[in-house]
Amino acid sequence: MHLHKYEKIWLTFGLGSLALFLVIIGFAAFWKGTHPMSHIETIDPQNVEAHDSFKPENLGLREVAEGKYTVNIVASAFNYDFGTDADGKPVKKIRVPKGSTVLFQITTKDVVHGFQVAGTNVNMMVEPGHVSRLETVMKNVGEFTVVCNEYCGIGHHQMFATVEVYE
Amino acid sequence: MATDNPKKRPVQQSGNPHTGINLKGTFISVMLLGVFILVTWFGLYALFLSR
Ligand SMILES: [Cu+2]
């Protein structure tokens, strides 16, 4: 088969890119453990309180070790439940020091929601029946808005909170 | 479909159908698209690493 000189160049370039990105995907999946946020673990969406992480008293921010935090959240139309503060008011803002490792664990009681901490790499889909988890290092200082980025109904825009990373 | 057209042009019988075709414009467009894809991919990866 005869190929034009230019065809040879762009076929080499195209196949080279394909090989490069397949290697990157393999590296991310097998060496770095990158996988979908909703793991194989399932949960009864009608009874999320049965799961230890989503008991009302376990919701919100908790320091589990020096510089390591867990944030448990239950999403529902149209709210993120981060638990309540000392006055019994719903928590809408969490604060962590810069450089801390934060594990976000979230599930939903009803429909599919999103959980994005805008301006960070935290961005997950939250599906009923599944627990979405994402661990990240908060390396940049700032106030980041948590938004729902999966249209979930009429009050979709009311689902928000704040994550503050301080020095 | 074109194959149903009885007046279709005869198939080029030459052993080298690309002879005499100027593919320079095609080549430049294909390479520009490839470079664009690579630049956006690595740009987004840099954004991912910085956040
Ligand atoms: Cu929503």
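How many residues does the contact take from chain B and from chain A? Select both chains to find out: 18 residues come from chain B and 15 from chain A, where contact means heavy atoms within 4.5 Å.

Before moving on, a word on the model: it is predicted, with local features needing pLDDT of at least 70 and side-chain atom pairs counting only at pLDDT 80 or more, while totals for chains, interfaces and linings use all residues. Residues are numbered from 1 along each chain as its sequence is written, chains are lettered from A and ligands numbered from 1 in the order written, and side-chain values use heavy atoms, leaving out hydrogens and water.

Stay at the interface. About 1,600 Å² is buried between chain B and chain A, with carbon and sulfur atoms giving 73%; buried area is the accessible area (1.4 Å probe) that two parts lose on being put together, summed over both. The rule finds 0 salt bridges here (a side-chain nitrogen of Lys or Arg within 4 Å of a carboxyl oxygen of Asp or Glu).

Next, select the copper ion. Its donors (N, O and S atoms within 2.8 Å of the metal, or 3.2 Å for Na, K and Ca; water is not among the atoms, so sites may look incomplete) are Cys148(A) through SG, Glu150(A) through O, Cys152(A) through SG and His156(A) through ND1, at 1.8 to 2.6 Å. In sequence, these donor residues are spaced C-x1-E-x1-C-x3-H.

Finally, colour chain A by domain: domain 1 covers 1–35 and domain 2 covers 48–166, with bounds from an automatic or database domain assignment. Their centres, taken over C-alpha atoms, are 37 Å apart.
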